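Hi,

Here is the structure I promised to pass along.

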Amino acid sequence: SSLSIPSETGKIEKNPISEADVEIVLKLLREVKPHQIFVAGDLADPHGTHRVCTDAVLAAIDIERPRGG
């Protein structure tokens with residue numbers, strides 16, 4: 001299954017990461033409350049999808065961590 005975020009355009013050029021991207025991931029983290037999180041590690045992905053998604057996940061973690069979530 002995949003997560004659809006606004007920065008993922010389906011094209012090679014991606015939109016910059018937005019608050020909406022981070023909020024989508026943050027909502028998922030708060031619902032699932034995972035003990036481990038795995039993200040695609042191929043940051044050299046020629047389409048940039050993995051980097052954009054990884055950045056959204058890391059930003060959401062940075063927000064949630066101080067809450068103790």
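Predicted model: local features only at pLDDT ≥ 70, side-chain atom pairs only at ≥ 80, totals over all residues.

Let me start with Ile-37, which sits in the loop between H1 and H2. Helices here are DSSP runs of H or I with at least four residues, strands are E runs of at least two, and both are numbered from the N terminus. Ile-37 counts as partly exposed because its relative accessibility is 41%; the scale is buried under 20% relative accessible area, exposed over 50% and partly exposed in between, with a 1.4 Å probe and protein chains only. Leaving aside neighbours within four places in sequence, Ile-37 is in contact with Leu-29, Val-57 and Ile-61, where contact means heavy atoms within 4.5 Å. Ile-37 and Val-57 are 20 residues apart in sequence, and their C-alpha atoms are 8.9 Å apart in space.

Residues are numbered from 1 along each chain as its sequence is written, and side-chain values use heavy atoms, with hydrogens and water left out.

On to Val-57 itself, which lies in helix H2. At 14% relative accessibility, Val-57 counts as buried. Apart from neighbours within four places in sequence, Val-57 is in contact with Val-25, Ile-37 and Val-39. Val-25 is 32 residues away along the chain, yet the two C-alpha atoms are separated by 6.1 Å.

Now the helix pair. The protein has two helices and zero strands. H1 covers residues 19-32 and H2 residues 49-64, and they pack at an angle of about 60 degrees with their axes 8 Å apart. (Axes are lines fitted to C-alpha atoms, for helices over the stretch in contact, and angles run from 0 to 180 degrees between N-to-C directions.) That angle makes H1 oblique to H2, since under 35 degrees is roughly parallel, over 145 roughly antiparallel, 65 to 115 roughly perpendicular and the rest oblique. From H1, Asp-21, Val-22, Val-25, Leu-26, Leu-29 and Arg-30 meet a set of H2 residues that includes Ala-56, Val-57, Ala-60 and Glu-64. By class, that contact has ten nonpolar, no polar and three charged residues. (Ala, Val, Leu, Ile, Met, Phe, Trp, Tyr, Cys and Pro count as nonpolar, Asp, Glu, Lys and Arg as charged, and the others, Gly among them, as polar.)

What makes up the largest nonpolar core? Seven residues: Val-22, Val-25, Leu-26, Leu-29, Ala-56, Val-57 and Ala-60. A core here is a set of buried Ala, Val, Leu, Ile, Met, Phe, Trp, Tyr and Cys residues joined through side-chain atoms within 4.5 Å. H1 gives the most to this core, with four residues. Not counting residues up to four places away in sequence, Ala-60 touches Val-22, Val-25, Leu-26 and Leu-29.

Two other loop residues are worth a click. Lys-33, in the loop between H1 and H2, has a positive phi of about 50 degrees although it is not a glycine. Most residues other than glycine have a negative phi. Lys-33 counts as exposed, at 63% relative accessibility. Leu-43 is placed in the loop between H1 and H2 too and is partly exposed at 35%. Leu-43 touches His-50, Arg-51 and Thr-54, not counting residues up to four places away in sequence.

Cheers
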